[in-house]
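Hi,

Here is the structure I promised to pass along. Have a look at it first, then read on for my notes.

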Amino acid sequence: MSPQSPLTNGFPRRRVLKGAAVAGAATQLGPFLSSTAQAAAPAATTASQPGQARTGPGEVPLRWLEDRPPEAAGATWGTPWPRGAVPADQSFALTDADGQPAPVQSWPLAYWPDGTLKWSGHAVAGPAAEGYTLAAGTPATSAQRVRVTDRRGHVDVDTGVITARLPKGGTDLIGRVRRRSASGGFIDVATHGRLVNLVQRELNDAEDGAGSVHRDRLLSEVDSVTVEQNGPVRAVVRIEGRHRGEGSAPLPTEGGGRGRRTSDDHSWLPFTVRLYFYAGAESFRMMHSFVFDSDGREDFIAGLGVRFSVPLRGETYDRHVRLAGQDHGMLSEAVKPLTGLRRDPGEEVRAAQIAGGRTPDIGTWSTDVSDRVHLIPAFGDYTLSQLSSEGFTVKKRTEAGRGWVAVDQGRRAGGLGYVGGPDGDGGFAFGLRDFWQRHPAQLDIRGAHTDTAEVTVWLWSPEAPPMDTRFYHDGLGQDTYEEQLEGLEVTYEDYEPGFGTPYGIARTSELTFWALAGTPDRERLGAMADAVRATPQLVNPVEHLAGAGAFGGLFAPVDRSTPTRAAIEDSLDFIFDYYVTSRDQRHWYGFWDYGDVMHSQDTDRQVWRYDIGGYAWDNSELSPDLWLWYAFLRSGRADIFRFAEAMTRHTGEVDVYHLGDWAGLGTRHGVNHWGDSAKQQRISTATYRRFYYYLTADERTGDLMRELARSEETFLVLDPLRKIREEPYEPDPRALAIGFGTSWSGLAAAWLTEWERRGPLWEECRDKVLGTMETIAAQPNGFVQAEGLYDIETGRYAVQQEPVVDISHLSAVFGLVEVNAELLQQVDMPAFEEAWLQYCRLYNATGEEQEAEVGESFGDLILRQAHTRLDAYAAVRLGEARYAERAWDLFLHPPEEWEPAPLDWDFSTQRVEHTLNPTDWFESIGTNDAAQYSLAAIQNLALIGDRLPESA
């Protein structure tokens, strides 16, 4: 066995006594935590485990995920630490690539049970250094710091360059943004930052579009403002509220006409907005999250955006508009153009306007223009709309009520806009991340020819059709469970009336705003557009992540040192690249869709099965989220991180319910993300979110995991086995049937996360983790028993008297392997480890071996290749080479022809020309196979790579 295996570091190897049933369970939790693990005060420094010397944190070199960003207000990241290595009250220092101290803000993200740090969060302000080194020490201080003042009616934030006032009530999230001027005073750069929502009560389904459509406008109404961090490097303010009607007066529509009267009491789309400020920054970030609280059959979103008023100064010919196109392409215009005229105002005038500077005094111009400047039209309104991933348009007009002038078109806009004056007059830049990927999006500038412009960043463009979240068919007569199961047999869709509802799904968007002294030059605008496209991110080295045992220690750095290793690595690269290519060629983009991938391919049409029931959107089926994150952890590749990041943003929000009876459950794969009637823990599981949270310290992802701390209560309102039960069933909170596989693993991940974060429910969640671990271990056949009766009041399973064998090939492929690896890092519970290792040993064993140990054969199981990582885990923990040999034999020579064989498959694509767009086609893969093969490869290489044949 590999002596460097992360699973043997600090843990004794255990040998399971075959055939021995686990005896009765203890009733107290203490023995599993020992005195060091019961620390209730996370801030207190406690002794490490017996036999472990506290060495303190070593130096951790940090690098940028992509190249060093020229435009970065700051960055936030998380760093893991081995158990017992870092005291809870440890302070940290940061130095840049030149060895100079850099101010850093640090806070705990998670604790080991002994009270030492498991993950720490950190923030550094810009401008970005080439790299940094994190170590124990006293953080450097700086005269430039972010300051937060919490007053009765508002919160003030001061970065040292800009200030923002955040009212605690009303429609404005941000009352004003000011910038310090060269004279030492302040200028208002933006005011009245608010959310705007256009609501259309019905959809016009007439083929010719005939008929009238009414839209109401709703604005944000702030209910609460909370300061979550107050500096010195980073400040975070959370704002919560709802969208509400403006009143009973007629409202102007976005097109300039008059809308119908809106209802005073209409209130919907609860939102959570976080604002992020960094010391010395002239920009701030906004994380905008909303929950869709409609059943999708009425009240349609016709526009959803963030709007600011922008005071403008000076003459219209000294006001400038910038809109980013593809890459660093940029529309650069003045509101009143002085170039291209029949008469020339003078070279200096033209050059100044093109540069975005202040033009010379008008008295110096050629009188051919200066005397006629009032006759040059001023274009006050601009719109860039991206209605698909493949095209955007730009148009402008002089004012509302006048015709639009087409400016240009392009493919994929950068999502950045700007309006303002020359240096000293101020200007406001605004950007939306994933602008074209999450179409339809739009940037509006209105009234730039007046004293106050209005800018709107539309998350859903009002020029697109209203958001249609209705279920896609009429039920096809599937009114009974029997008929629904028949439908499942043909389309793989688990339909049930009333279950295809979007009520409670959510979406998070990321925006950035700059309060500038004046119009930036072209180079800086390009850098700003890049910062909008991908938030600058610092990351830990792969070696540190692996050495700390992060996320169960189930990965190791990429290694191509032998032909067999190289062949496996080539297969992993090919599979990931195929999904990147498919996403682009098949256009897996859109507001609700971006971040997800399709489940299966149609080999006849040579397309992905986007329209066939449960074969369409994957919704985390068989854990592609885990595949991508472990692939990043071992490689440090930016392209994998960004793919996984988009998936985490999608699957944690869109595929999960956040309101209503099903809050805490996710939806199985289907044509609509929310359409299938199987609402499951295995989709909402915190296992898939933990990576992004701990690597980036992202608060929104933390919210999503905290929502799940009591999600076992969903079993009281929705029976997951309702369609196949043969006996009457009434949920009993003292005896809920909850499986040990896909359901418990999701619950355990949420409980573990709350426990190690020391959240509000951490002690309750700790007890549920330990109670269920103990009572699973106490079952006659442990995990092989498959299910138990869970008591919500005690957080424990009832221990059954009779041994049962009930194995599903799905139990371990939705995060059970990964959460158990982390639990066994956390908790010293030999009986639980024996129960888990028994499952690991027996899944791929012979029927005779299974029957000899638990009384029955498991029967014909599939996904044996995927389960080789369980063999690998058992090999390491037990120190038995035979499980490693079995793992590599089944992995390299899988029993099913559809399972990837890295040494035999032809990993190449064919060009297909007959589909709607030319595509690259690889027939022999689906997301189930891709995710589970990749996870098995990654984990086997990490655990038993030393047993891999050098060639085969």
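First, a definition for what follows: two strands pair if DSSP finds at least two bridges between them. Helices (H or I, at least four residues) and strands (E, at least two) are DSSP runs, numbered from the N terminus. In that sense, R63 has V539 in β30 as its bridge partner.

Before you go further, note that this is a predicted model, in which local features need pLDDT of at least 70 and side-chain atom pairs count only at pLDDT 80 or more, while totals for chains, interfaces and linings use all residues. Residues are numbered from 1 along each chain as its sequence is written, and side-chain values use heavy atoms, with hydrogens and water left out.

**The chain as a whole**

You'll find 20 helices and 39 strands in the chain. The radius of gyration is 29 Å, close to the 30 Å that the globule rule gives for 952 residues, so the chain is as compact as a globular protein of that length. (That radius is taken over C-alpha atoms, and the rule is 2.2 Å times the number of residues to the power 0.38.) The C-alpha trace spans about 100 × 70 × 55 Å along its principal axes.

Of the 952 residues, 62% are buried; buried means under 20% relative accessible area, exposed over 50%, and partly exposed in between, with a 1.4 Å probe and protein chains only. If you take the contacts (heavy atoms within 4.5 Å) between residues at least 6 apart in sequence, 69% of them join residues at least 24 apart.

**Strands worth a look**

Back to β30. It belongs to an open sheet of five strands in the order β4-β3-β7-β1-β30, with antiparallel pairing. The edges are β4 (101–102) and β30 (538–539), each pairing on one side only. Two bridges join β30 to strand β1 (residues 60–64), again antiparallel.

Then there's β28 (residues 452–460): seven of its nine residues are buried, so the strand is largely enclosed by the rest of the structure. Strand β19 (residues 300–311) runs antiparallel to β28 and is joined to it by eight bridges, with V306 standing opposite V457. Strand β27 (residues 441–446) also pairs with β28 in the antiparallel sense, over five bridges, and here D444 stands opposite T456. β27 and β28 make a hairpin with five residues between them, and G447 in the turn has a positive phi of about 70 degrees.

Another hairpin is formed by β8 and β9, with three residues between the strands. Strand β8 (residues 147–150) and strand β9 (residues 154–158) are antiparallel and share four bridges; R147 stands opposite D158.

**Backbone details**

Which peptide bonds are cis? One of them runs from G126 to P127, with omega near 0 degrees, and P127 sits in the loop between β6 (117–125) and β7 (132–136). Another goes from G231 to P232, with omega near 15 degrees; P232 lies in the loop between β13 (215–230) and β14 (234–245).

Two leucines have a positive phi. For L269, in strand β17 (residues 267–278), phi is near 50 degrees, and the residue is buried with a relative accessible area of 0%. For L863, phi is about 60 degrees. L863 is in the loop between α17 (847–854) and α18 (868–878) and is buried too, with a relative accessible area of 8%.

Last, P728: buried or exposed? P728 is exposed, at a relative accessible area of 83%. You'll find P728 in the loop between α12 (699–706) and β35 (736–739). P728 and R710 are 18 residues apart in sequence and 26 Å apart in space, C-alpha to C-alpha.

Cheers
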